[in-house]
Amino acid sequence: LQEPLRMVSSFLQLLDRQYSAGLDEKAREYINFAVGGSERMKRLILDLLSYSRVGTVNEPFQLVDMNALVKNVVQIFESRFEKEQVTLRIDHLPTIQGNTSQLQQLMQNLIGNALKYKSDKPPVVEVGCKEEANRFVFFVKDNGIGINPRYFEKIFVVFQRLHPIDNYSGTGIGLAICKKIIERHHGEIWVSSEEGKGSTFYFSLPKISIH
């Protein structure tokens, strides 16, 4: 799927470079639309690959220090935190059993969404965990634009978007990937939110004994 897409994009850009002098503004605009469409299709293919791979990874679960994992994710977003003056609060997190790369992808998606859907207030992102009898319940909380409760189930479905792509980038697969990762780890994921008052995404992971 990616190979013909690369060809389409390459020839459109070639057309733009070699014949731009003979093209009017409207023609160049059409080329830009087409190139943009092929780039979105490429992101969609890559996200679908990520989604499909969640269920095919057969590596045995290992002990995962969620403190170290979240620290790695924060480093990925470090420049954005500084640029957007984000207040970040991280509680002490437990060690659990799971797949490190998938759990990192999960946290990256959730923290990334907290940054993406910010409001006009200075962004505040909190990461924490509550211990229950048989499980740990993690949360990623923000003070962003929030979500209408009637969309709580919809957001975890593949291709479901709540906002126009011109307003917020993405393919509508990120939270579906999160849901699939958590299900593979025998947990649950859900959201609590109100429009204009931020969102809190929760996910549970089974508790283990560590000696």
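In which helix is the place of Val8? Val8 sits in helix 1, which covers residues 2-19. Welcome to a short tour of this chain, which comes to us as a predicted model. The chain has six helices and seven strands, and below we look at its overall make-up and then visit a few residues one by one.

**The chain as a whole**

- Taken along the principal axes, the C-alpha atoms fill a box of roughly 70 × 40 × 35 Å.
- Of the 211 residues in the chain, 38% are buried.
- Among contacts with a separation of 6 or more, 70% are between residues 24 or more positions apart.

**Surface and charge**

- The chain has an accessible surface of about 12500 Å², and carbon and sulfur atoms account for 51% of that surface.

**Val8 and its patch**

- Val8 has a relative accessible area of 40%, so this residue counts as partly exposed.
- Together with Met7, Phe11 and Leu14, Val8 forms a nonpolar patch on the surface.
- The four residues of this patch share about 370 Å² of accessible area.

- You can find Phe61 in the loop between helix 2 (25-54) and strand 1 (62-65).
- Phe61 is partly exposed, because its relative accessibility is 27%, which falls between the 20% and 50% cut-offs.
- Setting aside neighbours within four places in sequence, Phe61 is in contact with Gln97, Gly98, Asn99, Arg184 and His185.
- Ser199 lies 138 residues from Phe61 in sequence, and their C-alpha atoms are 30 Å apart in space.

- As background, most residues other than glycine have a negative phi.
- Gln85 is not a glycine, yet has a positive phi of about 50 degrees.
- The loop that holds Gln85 runs between helix 4 (78-83) and strand 2 (87-90).
- Is Gln85 buried or exposed? With a relative accessible area of 64%, Gln85 is exposed.
- His186 is not a glycine either, and has a positive phi of about 60 degrees.
- His186 belongs to the loop between helix 6 (174-184) and strand 6 (189-193).
- His186 counts as exposed because its relative accessibility is 65%, and the cut-off for exposed is over 50%.

How values were computed
Residues numbered from 1 in each chain as written. Predicted model: local features only at pLDDT ≥ 70, side-chain atom pairs only at ≥ 80, totals over all residues. Heavy atoms only, no water. Helix = DSSP H or I, 4+ residues; strand = E, 2+ residues; numbered from the N terminus. Buried < 20%, exposed > 50% of the residue type's maximum accessible area, 1.4 Å probe, protein only. Contact = heavy atoms within 4.5 Å. Patch = residues over 30% accessible without salt bridge, like charges linked within 9 Å, V, L, I, M, F, W, Y side chains within 5 Å. Areas by Shrake-Rupley, 256 points an atom, 1.4 Å probe, with all protein chains shown as cover. Salt bridge = Lys/Arg side-chain N within 4 Å of Asp/Glu carboxyl O.
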